[in-house]
Amino acid sequence: MINKSKRSGLMVSTTLCGALLSAMALTAVTSIVPQVAMAQSAVGTVYGKAAAGETVTLTDKETGVANTSKANASGDFSFAQLPPGEYTVKLASGKSVDVTVVAGSGALADFSVTEVVVRGSRSNLNRIDVKSTESTTILTASQIENLPVTREISAVALLAPGTLANGSPADFGNTVSVGGSSVAENGYYVNGFDVTNIRKFLSYANLSYDAVGQQQVKTGGYGAEYGRSLGGVISVVTKRGTNQWRYGGSVTYAPSEWDAKAKDALSIDPAKRKPATAASPNEPEPYLAYRSANRYTEALWTNWVSGPIIEDKLFMFASLEKGKQQTDTFGVNTSQRVINTSPSGLLKLDYYLTPKHHFEYTGILNKSIDKVQNFKYTDVNQYGKPLKYVGAHQAPTSNYDVENGGYVHILKYTGEITDNLTLSLMGGKLYSVNGARNPAVADPAGAACIAAYDSRGADATALNYIGCWNEDQFTIPDPAAPKETDERKAYRADIDWRLGNHTVRFGYDSETFESSKRGETYSGQKYWRYYQRTNDQTVSGVVVPAGTLYGRLRVYQTGSASYKIENSAFYIEDSWQITPTLMLYGGLRSESFSNYNSNNERFVHADNTIAPRLGFSWDVNGDSSFKVFGNFGRYYIPVAANTNIRASGVEWTEESFFYVGGVNTATGAPTSIGAQIGSTSLNGSKTAPSAASVASENLEPMFQDEFILGAQKKFSDELTLGLRATYRKVQNGFDDHCTYSPYQNWAKDKGYTNFDYHDVASCQIINPGKDVVLEFDNNGTGTPTQNTIPASYFKLPEYDRAYAALELFGSYNVGKLNLNGSYTLSKSYGNSEGYVNTTLGQSDAGLVQDFDNYLFEVGSRGLLPNDRTHSLKLFGNYRLTEEFNLGGFLQVTSGRPINCTGYVDTTDPTLSAADKGQLALYSASSFYCSRADGTKYVAERGTLGRTPTTVTFNSQVQYRPNWANNHVAFYLDVSNLFNSRETLTVLETSQRGGASAATYEPNYGRPLSFQTPRSVRLTMRYNF
């Protein structure tokens, strides 16, 4: 069974980066044209009108590669699958015009009028695009450089409207919520290749941002070529070589001494306050979270080189980033230093066999090694003492490396078969290591000692270390298993076919994703924790008198294995210019998903799920000054590899309580073990479940329907405003269910007197609220059969999540001022956040505890963690002089809904003893809330107020000295300039002490995390 260990994730404010980006999105709405659509949005198009039959030549200004085409009988011409960049369009008659192509967009050169109309130049990126039904933001590297925003893919994505910063960075990393979805429901692409790590959908193959040429963020309405995501699609196009040799780079310095101190979260628990002693005369305040001594320093340099290996034929771009990042983190009794000096690099090669046949290679190196040192203080409660890093007598308790990342290889061919037919073929491989420690066991002697903590005394939450084990290795890995890895091999083919007023696109893609898991167990194979309370306690159903010494014994084991996923899809779409002012779009996508256990047996399978896409764009006035648009789409997401690992593999925890005669503090073991208290609880199975018992045979994939309706109007050359309404609804969801009572009650009603619930997988993948079809032995016959258990036995509601938003966006550009902004009014509502659970900090994609038992759904319907009623974003630039430019970003965001969680109420007579034992292993994570007097009630989700509204302002001063002839620029970026310190999260847990002896948590509702403090970054960029 899946071990549902929960914790509340501490939210570190990534809102700073997120804030900056939404406003920028307003100036860069993509220009996808129906004449020629783009594969995976890594390319763009040029299209226009000329005289019928006239020859048109398109020349890449950077590489010199020239291609020709002829206008058709209607005078239309187009060039598809173009790398982003600067181009010249020239007619045989001699007329010419320069255009700029950006990823996923079209540049218009209309020679049918006296004045040539150009759309797609850098100055016109914010023009109204009447040829697109998508909600897309395009950002170029030069735009990002001129804004006070972290140059990182997820941070840049946060500029797009409808995006939110991750609410639990400690658990989910650098991720972003798009349109009310969870942070684990996005797709990430590099040069058209999917680099999403679908182990948990929480990471992707990253690269140095100095290698990024453009970034595209699709927040809704994307076409049939895209799938496997419910949130957004985030795509980057790398820089590429040109016909001229160039060299450049950057140096970034961000010392911790320039940053403000983080804010500590204080405890009001009287049990945490200790009297001063001679050894510790200045007893510090008790903390929920201690951060004020934490430090982060960064010093990075990036170099790149670009040029022709063979002029007009073979081009290269290469970049290398190197430097040092150091993070110092301090706790009550321990501290940690992490240093990373790993290089990262990119190599991009472009070869033109002819102007019509283009071959590409992209290679990314992103292997990262963190060098970790852990320290333990020589006395207690030494919050934040950096002296523990020096002195021979203060050697670290452990040294080890942690490896992540690896490499990506991408090959692509693009060929213009005829003037109207373009073929694209792509194949690639992603390889990534998943947090491998070296050495895997840093302290072999300590690994032989059992894990143990002493919690005797009034404060049952205290974890006082005893024994000879190493706290840095609470669990130890399987020594015979290799390190954990993730590997994707993927292929796709796309065809663009222009037929008069129709552009038809169709394609196929297939991927195999394999994740390996390294098994682990507790140090010394066991974990003891000792209690001796001052009042009577009910432990495992037995009353233990006050003053009695007892211990909890846990044994835990996971298995080592490898797991495979196979996903495939084909699509067809048509963009039809039905009239000169009305474009209709229709698409159909069919996807198939398969998940396998470690024996290569398929336990999840969905064939040919149908996802329709429809849209329209109406150029109301016929002059691109007023656009009305809308679309409908259905989107599916596959089952994460984490589900294979945790639901179909070996993973179990066994818990027992015993009276003990004493505790050997040197070894952590009891001096003697008395009678057992209550019964033993087994969470999981000691053998891998059969494939047919893991997932319901009638399981339907998770999918979402989306509706968008909007308008955009240009009021003047300076002012453009838009309004967009979005509604998203999850129509079918899946998750795991980890309770035996429904099967036991069903078997009883059916008269199966010999049914053994152990024949059912401890957790089953189901569609909540629907019948479950599983194969198991229903009456001790020794032969499994297929059984249908009606939904009524599970008492679960159907999966529910909805998002509604109204976005007002616009730009105002006059003289030296460029001002952009957006306001979003939104609501996110339902009974499940999605693939992760931010409230509990649970990152098990598709396996969160929400539907493990119907008790977790009691009170669960309400405002979800990604609900923010109001979001205002403003950013802009002001050219102060020829040499100085000022940039700023303001974000004002409503707080998040507050909940109250506690231990489940297990008094329901339909619950079996096995279920009660399993539920005892969960933390205080249900919506049963405890009052201070110990009484409980159901606190409906999101009904206990909100955290405060946050205001963040980032600033940038840019200096481009005339004496450097535009070869050098200096940037001073200050995040959270005014050092705003509002609360981001509060402690939502109302109980502590374990399910068997829960007490009220006096810190319930106390502030837990705050806005990230002011930080300063200095950058110098150079190019020659």
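Which cysteine does a disulfide join to Cys-738? The partner is Cys-763, with an S to S distance of 1.9 Å. A disulfide here is a pair of cysteine sulfur atoms within 2.5 Å. This is a predicted model, in which local features need pLDDT of at least 70 and side-chain atom pairs count only at pLDDT 80 or more, while totals for chains, interfaces and linings use all residues. Residues are numbered from 1 along each chain as its sequence is written, and side-chain values use heavy atoms, with hydrogens and water left out.

The torsion about the S-S bond of Cys-738 and Cys-763 is about 115°, so this disulfide is right-handed. The pair links distant parts of the chain, 25 residues apart. Cys-738 sits in the loop between strand S47 (735–737) and H7, and Cys-763 in the loop between H7 and S48. Helices (H or I, at least four residues) and strands (E, at least two) are DSSP runs, numbered from the N terminus. Cys-738 is buried at 3% relative accessibility, and Cys-763 is buried at 2%. Buried means under 20% relative accessible area, exposed over 50%, and partly exposed in between (1.4 Å probe, protein chains only).

The disulfide count comes to three. Cys-449 is joined to Cys-468, S to S 2.0 Å. With -105° about the S-S bond, that link is left-handed. Cys-449 is buried at 12%, whereas Cys-468 is partly exposed at 36%. Cys-900 is joined to Cys-929, S to S 1.9 Å. Its torsion is about 70°, so the link is right-handed. Cys-900 lies in the loop between strand S55 (884–893) and helix H8 (913–919), and Cys-929 in strand S56 (residues 928–930), so the pair ties together parts 29 residues apart in sequence. In sequence order, the bonded cysteines pair 1-2, 3-4, 5-6.

Now the core. A nonpolar core is a set of buried Ala, Val, Leu, Ile, Met, Phe, Trp, Tyr and Cys residues joined through side-chain atoms within 4.5 Å. The largest has 57 residues, of which Met-702, Tyr-743, Ile-765, Phe-776 and Tyr-835 touch the most other members. Among the elements that each supply at least two residues are strand S41 (602–619), helix H7 (741–750) and strand S48 (764–766). A second, separate core of 37 residues includes Leu-139, Leu-207, Val-236 and Phe-317. Contact means heavy atoms within 4.5 Å. Beyond its neighbours within four places in sequence, Met-702 is in contact with residues including Glu-185, Leu-230, Tyr-635, Val-730 and Tyr-835.

Charged pairs come next. A salt bridge is a side-chain nitrogen of Lys or Arg within 4 Å of a carboxyl oxygen of Asp or Glu. The structure holds 49 of them. Glu-484 bridges to Arg-199, with the closest N and O atoms 3.6 Å apart. Glu-484 lies in the loop between strand S31 (475–477) and strand S32 (485–499), and Arg-199 in the loop between strand S14 (196–197) and strand S15 (203–204), so the pair ties together parts 285 residues apart in sequence. Glu-484 is buried at 11%, and Arg-199 is buried at 7%. Asp-867 pairs with Arg-946 at 2.4 Å between the closest N and O atoms. Asp-867 is buried at 1%, but Arg-946 is partly exposed at 30%. Glu-225, Arg-492, Asp-494, Asp-496, Arg-505 and Glu-573 are linked in a network of salt bridges.
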